[in-house]
Every structure is written in C-alpha cells, then in structure tokens.
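Here is a short report on one protein chain. Keep the sequence and the 3D view open while you read.

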Amino acid sequence: MKRYYLDLRDGDAVSVDEEGLELPDIEAVQEEAVRSLVDMAKDAVRGRRFNAFGRGMEVEVRDEDGPVLQAKFTFEINWKKQ
C-alpha cells in the first residue's frame, strides 16, 4: 500500500502530517480526507471557533511524489436581522 500524508489547514493554522497513513487506493484517500474535514468542522462548532465572516478548512493530501488531492469545506454565518 502507498503512504499518504494529510496536511490540515484551519484558517491560517496548518498542521503538517509527518507520519502519514497507508491507504489502498484513491477512493480510500478521498474518504479519509472527508472524514478529517468532518472532524475539523465538529471541533470548530463545539469550540465555538467560528465567526460571521466564515471559516475555511481544507485537507491537502500528498504522497512521496507530491500533491494528490485537496478537499475543502467552508461554512459561513450570515445574520439577516440583529
């Protein structure tokens, strides 16, 4: 199996994956990236780390040859009345 590294970006914060994961195929890579995004979003909501201007999160996946996949998630809050 090939080793993939999932670097996490949450706003301006970046967490570089130094260990990586062995995954069987690109479908498994995509599934792992999406799972990571869901976990990041849950943590942001639980910790109330969001604002009305929106928040962007992404997972950048790479292998030993370079970038493989990028998955992004953005949520934004727009108040209609205050």
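In this predicted model, residues 24 or more positions apart account for 48% of the contacts with a separation of 6 or more. The chain has 82 residues, and 32% of them count as buried. Its C-alpha atoms fill a box of roughly 55 × 20 × 20 Å along the principal axes. The secondary structure comes to one helix and five strands. From the N terminus, the order is β-β-β-α-β-β.

**The helix**

Start with α1. This helix has 21 residues. From its first C-alpha to its last, α1 reaches 30 Å, close to the 30 Å expected at 1.5 Å a residue. Asp25 caps the N-terminal end. There, a side-chain oxygen of Asp25 lies 3.3 Å from the backbone nitrogen of Glu27.

Which residues of α1 are buried? They are Ala28, Val29, Ala33, Ser36, Leu37, Met40, Ala41 and Ala44. These buried residues pack against β1, β3, β4 and β5. An α-helix has 3.6 residues a turn, so residues three or four places apart point the same way.

**The nonpolar core**

In soluble globular proteins, nonpolar side chains tend to be buried together. Here the largest nonpolar core has 16 residues. Ala33, Leu37, Met57, Val59 and Val61 touch the most other members. The elements that give two or more residues to this core are β1 (2-10), α1 (26-46), β4 (55-63) and β5 (66-75). The largest share, seven residues, comes from α1.

Leaving out residues up to four places away in sequence, Ala33 touches Leu6, Val59, Val61, Leu69 and Ala71.

Now turn to Asp17. Asp17 sits in the loop between β2 (13-15) and β3 (21-23). Asp17 is buried, yet has no salt bridge. How far away is the nearest side chain of opposite charge? That side chain belongs to Arg62, and the distance is 6.2 Å. A salt bridge needs a nitrogen and a carboxyl oxygen within 4 Å.

The side chain of Asp17 does reach backbone nitrogens. One is that of Leu6, at 2.9 Å. Another is that of Gly20, at 2.8 Å. Not counting residues up to four places away in sequence, Asp17 touches Tyr4, Tyr5, Leu6, Asp7 and Arg62.

Gly20 is also in the loop between β2 and β3. Is Gly20 buried or exposed? Its relative accessible area is 14%, and buried means under 20%, so Gly20 is buried. Leaving aside neighbours within four places in sequence, Gly20 is in contact with Arg3, Tyr4 and Tyr5. For a sense of distance, take Gly20 and Trp79. They are 59 residues apart in sequence and 40 Å apart in space, C-alpha to C-alpha.

**Salt bridges**

How many salt bridges does the structure hold? It holds seven.

| Asp63 | Lys2 | 2.9 Å |

Take the pair Asp63 and Lys2, joined by a salt bridge. Asp63 lies in strand β4 and Lys2 in strand β1, so the pair ties together parts that are 61 residues apart in sequence. Asp63 counts as buried, at 10% relative accessibility. Lys2 counts as partly exposed, at 31%.

Glu22 is partly exposed at 45% relative accessibility. Arg3 is partly exposed at 31%.

The third pair stays within one element. Glu31 and Arg35 both lie in helix α1, four residues apart, about one turn of the helix. Glu31 counts as partly exposed at 45% relative accessibility. Arg35 counts as partly exposed at 42%. Elsewhere, salt bridges that share partners join Arg9, Glu58 and Glu60 into one network.

Terms used: Residues are numbered from 1 along each chain as its sequence is written. This is a predicted model: local features need pLDDT of at least 70, side-chain atom pairs count only at pLDDT 80 or more; totals for chains, interfaces and linings use all residues. Side-chain values use heavy atoms; hydrogens and water are left out. A nonpolar core is a set of buried Ala, Val, Leu, Ile, Met, Phe, Trp, Tyr and Cys residues joined through side-chain atoms within 4.5 Å. Buried means under 20% relative accessible area, exposed over 50%, partly exposed in between (1.4 Å probe, protein chains only). Contact means heavy atoms within 4.5 Å. Lys and Arg count as positive and Asp and Glu as negative; His and the chain ends are not counted. A polar contact is a pair of N or O atoms within 3.5 Å; within protein, one must be able to donate a hydrogen and the other to accept it, and residues adjacent in sequence count only if both atoms are side-chain atoms. The expected span of a helix is 1.5 Å times one less than its number of residues.
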